[in-house]
Amino acid sequence: DGCGHTVLGPESGTLASINYPQTSPNSTVCEWEIRVKPGQRVQLKFGDFDIDDSDSCHSSYLRVHNGIGPTRTEIGKYCGFGFQMDGLITSKSNEVTVQFMSGTHTSGRGFLAAYSTTDKSDLITCLDNASHFSEPEFNKYCPAGCVIPFADVSGTIPHGYRDSSSLCMAGVHAGVVSNTLGGQINVVISKGIPYYEGSLANNVTSKVGPLSTSLFTFKTSGCYGTLGMESGVIPDSQITASSVLEWSAQTGQVNIWKPENARLKRVGPPWAAFISDEHQWLQIDLNKEKRITGIVTTGSTLAEFYYFVSAYRILYSDDAQKWTVYREPGMDKDKIFQGNTELYQEVRNNFIPPIIARFFRINPLKWHQKIAMKVELLGCQFSIGRAPKITVPPPQKKNGNKNDFSDDVIHSVKTSLQTDKTPFTPEIKNTTVTPSVTKDVALAAVLVPVLVMVFTTLILILVCAWHWRNRKKKAEGTYDLPYWDRAGWWKGVKQFLPTKSADHEETPVRYSSSEIGHLRPREVPTMLQTESAEYAQPLVGGIVSTLHQRSTFKPEEGKEARYADLDPYNSPIQEVYHAYAEPLPITGPEYATPIIMDMSSHPSTPLGVPSVSTFKAAGNQAPPLAGTYNKLLSRTDSTSSAQALYDTPKGQLGPGAANELVYQVPQSVAHSTGNKDE
């Protein structure tokens, strides 16, 4: 009468004293006999130990023995409040006896322990949680029987579980380990979240949890996708049932709750059986063999129809003729799955190991008012191998009626490895990559970086060569004008421009910069050409000015402009770079900016040479070309006196100046004649 929570599995299990974690009652005793496979040994680990030691382990204690029965030998006898057991207690054989004796005492919780075979070196107990481990990722072995009423779980998949949750109980809730078998878990720790949802899964109720500093999740195979009920991948024709509820409303409308209505999260009524008994079923044809790892169910989801299935069992088949009832390995009874507790909540159950089948049946065993449900299957494609099918005895009919299940009799099948090949090509999903694909991936991983490096090197070489070429040109002192600054381009574009009227045409000045440097001021006008002028006289001396937009000078044709020496007379061979004057404003005066030639350094210029102006006088008369120095009026703006006929040239004239300013005047033929074609 002193035995508490107990699950003894074939490879692991959990045992606790009565009333744990409360104070154990007086004068109670319990004895557990543990057996594992021959050739293996048993290891025992305590999660909590709190036994009264006031009488030196005389009346209250825990004793562990090697073997079972009268031939057993004692390994150790233990008692004490808050006793910390370092390490594991290991047997010498595959059999162990654990004896708990509770005498007269006033306090003491008793104990909770876990056992497994000695090959599970990372065994933990059902009381361990994520906060007990500092690693960000670790593997542990959970014993069977960790669904215990005194442990808490907060959270759900895929969001994660609160760090205060029992690792093994959360593993059962997540569907990564079985409560009756135990198993390995791979835990990943991450940052906590403000709120943890609650849900019901695998007979474990997860509670709503508050904010925590960290949470944990489990690494899995990834075979938990939906198989097509909700999405409609499974067509209506592949969903059938034993019967269909059909009834007429008060308005006369006929309602039929067909099998195809049994799609999870689908708006509307569910599937419901016409007769509510244990022989009803809902069948789903997956069209090919699939690996089925879980099922999610709800009730009717209609508030006015409070119908749901609270317990059911699962059957599966390859041909829809011979059916197998799902059982957990090592169990001789059918697995009964917990269903819904109300009509809205989604309840998940996982299959460990998974089911490999094409046809899937749900057989309701308990329900509320009527059999009604919506369903979704979880799993993935099946590609290789077949899991052993479990021998299932024919179901025993309580009422002895041999006609029950009619044409849906469940046939028992022998356990064997199925090697039959299906007539279709299996789809591959969640499997490892084939060797050939692996080689291709490795080859691509090598070639792609090499190609990137080669192309990068070529680009760098081209950039360096271009840069070196530009530096070489600068070192040689060359400067190429852009294509659009050359005279040839302008002549090509000019033919598309509208022809100017005769009133605005002027005679252009054609000259050679190399010859101007050797001519005397009087000989300069003889070099002027008589073609129509569109450009003002360019500068032939002085410092090159900054170029601006809308230049009115026409570039010299036939020769490429270069930078010139500051003194064109001392360097007559070099060509002069022709800077252009400011463009004439559209609404301003019709005179161009004066052209200044500083002849002070020219030795051949006599003092008696008259000034020559390039500016047009009022009317059509040209200014005189000969005479003595005329003092030019200062240049005025639009508000100055209108009597100024000439712009004042840059520089100042003095009576004692030894040099004179020479101006060139374009020929005035075009002022009185019509337009001339160039």
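Biologist: Is Cys 464 buried or exposed?

Modeller: Cys 464 counts as exposed, because its relative accessibility is 52%. Here buried means under 20% relative accessible area, exposed means over 50%, and partly exposed lies in between, with a 1.4 Å probe and protein chains only. Please note that this is a predicted model, in which local features need pLDDT of at least 70 and side-chain atom pairs count only at pLDDT 80 or more, while totals for chains, interfaces and linings use all residues. Residues are numbered from 1 along each chain as its sequence is written, and side-chain values use heavy atoms, with hydrogens and water left out.

Biologist: Where is Leu 458?

Modeller: Leu 458 is in helix α2, residues 435-476. Helices (H or I, at least four residues) and strands (E, at least two) are DSSP runs, numbered from the N terminus. Leu 458 has 47% relative accessibility, so the residue counts as partly exposed.

Biologist: Which residues form the nonpolar patch on the surface?

Modeller: The patch consists of Val 446, Leu 447, Val 450, Leu 451, Val 454, Phe 455, Leu 458 and Ile 461, and together they have about 740 Å² of accessible area. Such areas come from the Shrake-Rupley method with a 1.4 Å probe, and for residues only the protein chains shown count as cover. Patches are made of residues with over 30% relative accessible area and no salt bridge; like charges are joined within 9 Å, and nonpolar side chains (Val, Leu, Ile, Met, Phe, Trp, Tyr) within 5 Å. In general, an α-helix has 3.6 residues a turn, so residues three or four places apart point the same way.

Biologist: Let us turn to disulfides. How many are there?

Modeller: The count comes to five disulfides, where a disulfide is a pair of cysteine sulfur atoms within 2.5 Å. With the bonded cysteines of the protein numbered in sequence order, the pairing reads 1-2, 3-4, 5-7, 6-8, 9-10.

Biologist: What is the sulfur separation for Cys 57 and Cys 79?

Modeller: Their sulfur atoms are 1.6 Å apart. This pair links distant parts of the chain, 22 residues apart: Cys 57 is in the loop between β4 (42-50) and β5 (61-66), and Cys 79 is in the loop between β6 (73-78) and β7 (89-90). The torsion about the S-S bond of Cys 57 and Cys 79 is about -85°, so this disulfide is left-handed. Cys 57 and Cys 79 are buried.

Biologist: And which residue is joined to Cys 142?

Modeller: Cys 142 is joined by a disulfide to Cys 168, at 2.2 Å from S to S. The two lie 26 residues apart, Cys 142 in strand β10 (residues 137-142) and Cys 168 in helix α1 (residues 167-174). The link of Cys 142 and Cys 168 is left-handed, with -90° about the S-S bond. Cys 142 is buried, as is Cys 168.

Biologist: How many residues of α1 are buried?

Modeller: Eight of the eight residues of α1 are buried, so the helix is mostly covered. Among them are Leu 167, Met 169, Val 172 and His 173. Just after α1, Gly 175 takes a positive phi of about 85°.

Biologist: What about Cys 223 and Cys 380?

Modeller: A disulfide joins Cys 223 to Cys 380, with 1.9 Å from S to S. Cys 223 lies in the loop between β16 (214-218) and β17 (225-226) and Cys 380 in strand β27 (residues 372-381), so the pair ties together parts 157 residues apart in sequence. The torsion about their S-S bond is about -95°, so the disulfide is left-handed. Both Cys 223 and Cys 380 are buried.

Biologist: Now the charged pairs. How many salt bridges are found?

Modeller: A search of the whole structure finds 15 salt bridges, each being a side-chain nitrogen of Lys or Arg within 4 Å of a carboxyl oxygen of Asp or Glu.

Biologist: With which residue does Glu 11 form one?

Modeller: Glu 11 forms a salt bridge with Lys 120, and their closest N and O atoms are 3.7 Å apart. Glu 11 lies in the loop between β1 (3-8) and β2 (12-17) and Lys 120 in the loop between β9 (110-117) and β10, so this pair ties together parts 109 residues apart in sequence. Glu 11 is partly exposed at 27% relative accessibility, whereas Lys 120 is buried at 13%.
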